[in-house]
Amino acid sequence: MADLFSTDPTDRTSVAKMSDSEEEALTTRDYQEIAEEIEKYKRDPETSEMFVSGWDDADVGVDIVKNPKANPIDHILWAAENGELETIKDILSNQPGLVHAKDADGYSPLHRASYSNHIHVISHLLSVGANVHSKTELGWTPLHSACKWNNYAAAARLLAAGADPAALSNGELTPLHLLSSIGQSKSTLLILFLREDVVEIAQKPNNSNETPKILACGHGIYAPLFDMVLPAASHIRSLEFTCNPYIRN
């Protein structure tokens, strides 16, 4: 009877350790099963949309092809993402229309080169007719893709080609919204702040009624840039500031 109700601390420790170990193993297994179940639903076209948020997450659903060289569309998309300019030139020399190719999510070669920051590929694609305003299924332009990853050189090149910094995604996000919600975005922010229309763009709310400045205050560290740049930009564009007396009058 004494053994049955033993109060030996060593025995209790052993039991406790065993219980902790069993609980930890069970929790790990459960999490693994949950993760596998989520991945299964993400791959299923009928349920994949459940995992797309109002933020238009660019990481969800980007086509991953096991053998990108199996057909020309997959090949040029792969080449654009990986900066393989000579491969792109070779493909387009035979099938120039593939400059407008898209994957299942609407990403074109220009989108892929933009989020990978391959400037030489972006320039060539633009030179052979790539559409700088092309949109994905979620409404992202190549400029959205460049801004999502703070690729300032890609953003500058796209803007020079006529990309619209006020373009809205399906979630009513401008590229400036995306920049404002990430931590390391100073370089690309400054490029967009040079735009004459930045004052209006910075005041656009998304579908959650958040402006880029609100997002910068909550997510990034560059909210003070909005306070520094926007009032100055607004003043410079005002009639009182202009040096043209005919406009002032």
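Student: How many helices and strands does the chain have?
Tutor: There are 13 helices and zero strands in the chain, taken as DSSP runs numbered from the N terminus (helices H or I, at least four residues; strands E, at least two). It's a predicted model, where local features need pLDDT of at least 70, side-chain atom pairs count only at pLDDT 80 or more, and totals for chains, interfaces and linings use all residues. Residues are numbered from 1 along each chain as its sequence is written, and side-chain values use heavy atoms, leaving out hydrogens and water.

Student: Ok, at what angle do α4 and α5 pack?
Tutor: About 155°, with the axes of α4 (residues 109-116) and α5 (residues 119-127) 9 Å apart. Axes are lines fitted to C-alpha atoms, for helices over the stretch in contact, and angles run from 0 to 180 degrees between N-to-C directions. So α4 is roughly antiparallel to α5, the label for angles over 145 degrees.

Student: Which residues meet there?
Tutor: From α4, Pro109, Leu110, Ala113 and Ser114 meet Val121, Ile122, Leu125 and Leu126 of α5, with contact meaning heavy atoms within 4.5 Å.

Student: Switching topic: is Cys147 buried or exposed?
Tutor: Cys147 counts as buried because its relative accessibility is 0%. Buried is under 20% relative accessible area, exposed over 50%, partly exposed in between (1.4 Å probe, protein chains only).

Student: And Cys217, buried or exposed?
Tutor: Cys217 is exposed, at 54% relative accessibility.

Student: How many disulfides does the structure hold?
Tutor: Zero disulfides, a disulfide being a pair of cysteine sulfur atoms within 2.5 Å.

Student: What share of the chain is buried?
Tutor: Buried residues are 38% of the chain's 249 residues.

Definitions and conventions: Parallel < 35°, antiparallel > 145°, perpendicular 65-115°, else oblique.
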